[in-house]
Amino acid sequence: METRELRYFVALAEELHFGRAAARLGIAQPPLSRAIHQLERRLGVRLLDRDRRGAALTDAGRVLLREARSALDAVEAAVHRTRRAGDPDRPLVLVTKAGASHELLRALLDEVSDPVEVLLCEVGEQAHRLRDGQADVAIMHRPYDDLAGFETQDLRTEGQVAIVPAAHPLAERESVTLAEVSDVPGLPIARWPRLDGTYPDGPGPEVRTQSQLAQLVALGLTLLVIPASSRAWQWPEHVAVPVVDAPDVTTLLAWPPGAPVGPLVEAARRRDLVADGSA
């Protein structure tokens with residue numbers, strides 16, 4: 001299979017409409033249809049069920065979508081890494097969720113002597129940036145982030161807090177429980193996307209960016225539960241309340257096997273940022 005065919009298929013599988021997929025790819029619809037038919041013939045399976053309203057993925061199509069995304073990520077990563085390897089003066093690229101683990105990141109950067117470029121992203125984007133080669137190492141959180149295939153180094157384990165509107169009665173509490181924040185009349189908990197991009201069921205708003213979430217909390221429309229160190233982006237209109245029974249979250253460094261992250265891990269150890277017993 002050619003990468004062009006995989007890109008065509010991914011666009012169609014995500015749009016589930018030949019016209020929209022063709023427009024997204026910048027091509028006419030007939031070449032897209034021919035490419036998909038050719039791909040199905042080569043594989044010997046039907047990838048999509050088609051009707052006048054659009055298309056739907058078959059079981060085989062869903063498998064190819066997952067594998068095609070991984071393959072295209074690998075190709076893009078190879079390009080990025082090869083170009084960076086050709087530059088001996090390139091800095092180590094560290095990706096982290098904006099506002100997360102700010103104090104820990106500051107301590108790491110203060111300690112490491114080699115140049116480090118910080119790439120800020122939204123929630124859940126670190127794994128993709130590592131896999132497509134845009135970054136060498138990431139600050140991530142277990143159990144929330146996708147760590148499949150990465151080497152890791154635990155840094156610290158911490159509790160979680162509820163970020164609530166400052167004007168809400170919960171803001172006056174010294175602590176809350178998960179049950180108390182999971183069913184607050186008029187203040188539903190925000191819903192983040194799962195690792196597969198889908199959202200859990202619930203009445204709360206679907207959010208993807210921290211700026212979107214920050215404003216919704218300030219307006220009194222939602223609350224959320226996050227690791228305590230991720231509250232660096234907290235607005236004056238927010239209050240952080242410890243959630244006493246929330247599961248602990250481990251902040252860690254993650255990187256693809258073979259990435260040149262030794263100086264950063266050594267800096268963490270020198271600064272005593274590495275959790276006891278981590279590997």
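**Exercise 1. State how many helices and strands the chain has.**

Solution. The chain has nine helices and ten strands. Helices (H or I, at least four residues) and strands (E, at least two) are DSSP runs, numbered from the N terminus. The model is predicted: local features need pLDDT of at least 70, side-chain atom pairs count only at pLDDT 80 or more, and totals for chains, interfaces and linings use all residues. Residues are numbered from 1 along each chain as its sequence is written, and side-chain values use heavy atoms, leaving out hydrogens and water.

**Exercise 2. Give the strand order of the open five-stranded sheet and identify its edges.**

Solution. Start with the order: S4-S3-S5-S10-S6. Pairing is mixed; two strands pair if DSSP finds at least two bridges between them. Next, the edges. S4 (116–121) and S6 (151–158) each have a single partner strand, so one side of each lacks a neighbour in the sheet.

**Exercise 3. Describe how S6 joins S10.**

Solution. S10 covers residues 249–255. Seven bridges join S6 to S10, and the two run antiparallel. Glu-151 stands opposite Trp-255 in S10.

**Exercise 4. Find the share of buried residues and of contacts between residues 24 or more positions apart.**

Solution. Then take contacts (heavy atoms within 4.5 Å) with a separation of 6 or more. Residues 24 or more positions apart account for 67% of these.

**Exercise 5. Report the span of the C-alpha trace.**

Solution. Along its principal axes the trace spans about 60 × 55 × 30 Å.

How values were computed. Buried means under 20% relative accessible area, exposed over 50%, partly exposed in between (1.4 Å probe, protein chains only).
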